[in-house]
Each structure stands twice: as structure tokens, then as C-alpha cells.
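Open the model in your viewer and keep the selection tool at hand. We will go from stop to stop, picking residues as we go.

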Amino acid sequence: MDFKNVNDAMDFLFSTNDKYSITRVRDGDDEDWRPQTLTDLKESNWEALAYIADLLGMSGLYLDRKRSNKSE
């Protein structure tokens, strides 16, 4: 996912997490659209939050989690 700024990332988070939205995803350009799963939502949220954390100089918030999850 490519965001231009924090506003884009926040707008994405609000729109995809709206309880009334119906989000569809594709696994690749040649794939059919399918309903978004909870795992898909978590992955897209993670990407947006990591982008925002990077801009705010807080990448340690997610890098530390990734390191600790790998060792579990």
C-alpha cells in the first residue's frame, strides 16, 4: 500500500474499519475480487499503522513486536 501522507493513511484506516463498509480484495492482478477476511483487515491495518509510525519516528513500536513474535 502506498500512502502519500498521514491523512491518506488515516482516511484508509477509517474507511476500511467502518462497520458499514464492505471491502473486497484481490490477491493479485490476475485474481478475482473476494470479500475481505479479518486477516486481510489486520494486515492492511498493520501496513497503515507502520507507515504512520515511521513518519512519527516511532517505528520501534512495530519493529519490537515483529522481533518478539518471531521468537515465540
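This is a predicted model: local features need pLDDT of at least 70, side-chain atom pairs count only at pLDDT 80 or more; totals for chains, interfaces and linings use all residues.

Residues are numbered from 1 along each chain as its sequence is written, and side-chain values use heavy atoms, with hydrogens and water left out.

Stop 1: Select residues 6–16, which form helix 1; helices here are DSSP runs (H or I, at least four residues), numbered from the N terminus.

**Stop 2: two faces.** Colour Ala9, Phe12, Leu13 and Thr16, the buried residues of helix 1. Buried means under 20% relative accessible area, exposed over 50%, and partly exposed in between (1.4 Å probe, protein chains only). Because these four span an arc of only 95° around the axis, they sit on the same side of helix 1; the arc is taken from the directions from the helix axis to the C-beta atoms. Turn to the face pointing away from that buried side, and you will find the exposed residues Asn7, Asp11 and Phe14. Next, show helix 2 (38–55), which is part of what covers the buried residues of helix 1.

**Stop 3: threonine 16.** Which backbone oxygen does the side chain of threonine 16 reach? It is that of phenylalanine 12, at 2.9 Å. The threonine 16 side chain also makes a polar contact with the side chain of asparagine 17 (3.4 Å). A polar contact is a pair of N or O atoms within 3.5 Å; within protein, one must be able to donate a hydrogen and the other to accept it, and residues adjacent in sequence count only if both atoms are side-chain atoms. Threonine 16 counts as buried, at 12% relative accessibility.

**Stop 4: asparagine 45.** Move to helix 2 and pick asparagine 45, buried with a relative accessible area of 15%. Its side chain joins that of asparagine 17 in a polar contact of 3.0 Å.

**Stop 5: phenylalanine 14.** Return to helix 1 and select phenylalanine 14. It is exposed, because its relative accessibility is 61%.

Notes: Helices (H or I, at least four residues) and strands (E, at least two) are DSSP runs, numbered from the N terminus. Contact means heavy atoms within 4.5 Å.
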